Amino acid sequence: MAEPQFNIHYLAHLARIALTPDEETKLSAQLGNILGYIEKLKELNVSNVEPTAHAVPMINVTRPDEVRESLSCEDALRNAPAKANGLFIVPKIVE
Amino acid sequence: MLNQLTISELTTKLAGREISAREIVQSCLDQIARVDGKIHAFISCDNQDALAQADFVDKQITSGSACAQKPLMGIPIAVKDVLAVRNQPLNCGSKILGKFISPYDATVIEKLKSAGAIVFGRCNMDEFAMGSSTENSAFGVTRNPWDPTRIPGGSSGGSAAAVAAGECIAALGSDTGGSIRQPAALCGVVGLKPTYGRVSRYGLVAFASSLDQIGPFAKNVSDAATVLGVMSGHDLRDSTSVPHPVPDYSGALNGNIRGLKLGLPREYMIGGLNAEVKSAVDAAVKTLSALGAEVVEISLPHTDYAVATYYIIATAEASANLARFDGVRYGARAEGNDVLEMYGNTRGAGFGAEVKRRVILGTYVLSSGYYDAYYLRAQRVRTLIRNDFLRAFETVDAIVTPTAPTAAFKIGEKSDDPLQMYLSDIFTISCNLAGICGVSLPCGFTRNPQLPIGLQLLGKPFGEETLLRIAHAFEQNTAWHEKRPLL
């Protein structure tokens, strides 16, 4: 079985998770092990099988287009780590 | 002790004014004070709020309003730390939510409250429901009430342990790959995962959206049926909930299983199946057969691929769902020089090892160049697994298996080997992939040490009535569910 290829540093960047070098080493080994196990799915021929995204598919679910109660601004901001003037405060994004 | 009674016993006494709701709640709080230092089923518990809810119920009963007829009147129900309860903390067993306080009630919580329940406590869990042992919690491990050196199962280990230890009358958990049924088995209580779509997930913090369901833990099948009946139903706020009417689950428990056909999947007789678990399940099958059920061997040929399929689909969905924990709108923020650094630092500091492992695995299987080879292939295998079950249900009414391959293992035994931990879910995972319903109930004990063994019944989509009827008939003819740990 071919060893799956991955770059842990790049994956952690995609996942937006800062890892310590120790974490990278440990996770790398564990992911290699898990991906090796997952390789067994390649034993099956699935070329003519439709994928299942949901076991009980519900299509085009809508609700009546009516104004309903929603969270107040105050409630929505209640757990914010940084807020001011009814807004979430984040680090500067645009240069 | 009132905390040792069942829902039906307590609601009868309460309606007859023999006891008060305050006395019921107080007996649970007393038990928590007495044993939870050892078990740690709860992350926190707002005693004053629970007692205030009880006083409100007592006032309603005294004023003579019709509320004494409500199915969960005065019943203290504990909640897994993944469900929103207005004005109570919500942490998902993680550091990343900081001091989060829920601004609203989950739909199931609204339903329990309007049925008269006293919703209280935050039950410990594996972080974001990722785990099978409740060792992955930022708030410490929960211990099995039958043997505190062992795990209670997971991820809803706190809910299962709380019911087993008599710290509440029933509890809610969530089940993505076995997180209700496996801890129910390992703690010797009843745990039910409803069919996908049966119960609204509004207010449940999402782990894997195509697999997650909320379900009850109870001391017996009849109590589980009562709670399920209250929780179920369509909800406009969860577009995956189905509009099917909710049957009378309690009314389905008529004790008659004569002529029902039960399937034993030959693929579940694996090498890793513990001998005592096997013999308890064999004996349970004999009991069911003596009650008039017809038992046949069936085949679920893609069983061996379920764990691999699950760990692709569940991690892929988790990597998307957990993107919202980025330190912007809620939770604990770790600062950085720019927004990307802030995201990375927040998530690096806030997530535990198992969550990092799964989010990164999920990111990989969805990433450019690997999507078809992993995620799409897993979705195709999921179809094969689902078809196995639908085919089996053309000839049988329910499927009988062990819930877990072994009884509760030692704390620390599998925590350094994620793959071995994943394989402990081997019998419960397929049910979520297929979207069917499943229940675990006590069917015996290992000898030394004495640890509970669970019997799993799997049913057709929306076949909860049949499932509960079989479970109830079994329970009426055995005494396993009456055993309680000595604490």
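Mentor: Start with B:Phe128, which counts as buried at 2% relative accessibility. Buried here means under 20% relative accessible area, exposed means over 50%, and partly exposed lies in between (1.4 Å probe, protein chains only). This is a predicted model, in which local features need pLDDT of at least 70, side-chain atom pairs count only at pLDDT 80 or more, and totals for chains, interfaces and linings use all residues; side-chain values use heavy atoms, with hydrogens and water left out. Residues are numbered from 1 along each chain as its sequence is written, while chains are lettered from A and ligands numbered from 1 in the order in which they are written.

B:Phe128 sits in the loop between E3 and H5 of chain B. Helices (H or I, at least four residues) and strands (E, at least two) are DSSP runs, numbered from the N terminus. The backbone deserves a look. B:Phe128 has a positive phi, near 50 degrees, and is not a glycine. B:Ala129 also has a positive phi, about 70 degrees, and is not a glycine either. B:Ala129 lies in the loop between E3 and H5 of chain B. With a relative accessible area of 6%, B:Ala129 is buried. For background, most residues other than glycine have a negative phi, and most peptide bonds are trans. A cis bond also runs from B:Asn448 to B:Pro449, with omega near 0 degrees. B:Pro449 belongs to the loop between strand E10 (437–445) and strand E11 (452–459) of chain B.

Now the core. B:Phe128 is among the residues with the most contacts inside the largest nonpolar core, which has 168 residues; the others named are B:Leu72, B:Leu112, B:Ile360 and B:Phe389. A nonpolar core is a set of buried Ala, Val, Leu, Ile, Met, Phe, Trp, Tyr and Cys residues joined through side-chain atoms within 4.5 Å. H9(B) gives the largest share of this core, ten residues. Apart from it lies another core, of seven residues, including B:Ile151, B:Ala185, B:Leu186 and B:Phe409. Back in the largest core, take B:Leu72. Leaving aside neighbours within four places in sequence, its contacts (heavy atoms within 4.5 Å) include B:Ile7, B:Ile77, B:Leu112, B:Val227 and B:Val230.

B:Arg122 forms a salt bridge with B:Asp81, the closest N and O atoms being 3.1 Å apart. A salt bridge is a side-chain nitrogen of Lys or Arg within 4 Å of a carboxyl oxygen of Asp or Glu. B:Arg122 lies in E3 and B:Asp81 in the loop between strand E2 (76–80) and helix H4 (107–114) of chain B, so the pair ties together parts that are 41 residues apart in sequence. Both partners, B:Arg122 and B:Asp81, are buried. Compare B:Lys113 and B:Asp105, whose side chains meet in a salt bridge at 3.1 Å, N to O. There B:Lys113 is partly exposed at 30% relative accessibility, and B:Asp105 is buried at 14%.

Move to the chain boundary. In contact there are 71 residues of chain B and 54 residues of chain A. Between them the chains bury about 5,500 Å², 68% of it on carbon and sulfur atoms; buried area is the accessible area (1.4 Å probe) that two parts lose on being put together, summed over both. B:Ile360, B:Arg377 and B:Arg380 supply 12% of what chain B buries against chain A, more than any other three residues. B:Ile360 links back to the core list above.

Three salt bridges are counted between chain B and chain A. In one, A:Asp75 pairs with B:Arg86, with the closest N and O atoms 3.8 Å apart. In another, A:Lys40 meets B:Asp304 at 3.2 Å, N to O. That pair crosses from the loop between helix H2 (21–38) and helix H3 (73–77) of chain A to the loop between strand E8 (294–298) and H9 of chain B. A:Lys40 is buried at 15% relative accessibility, whereas B:Asp304 is partly exposed at 46%.
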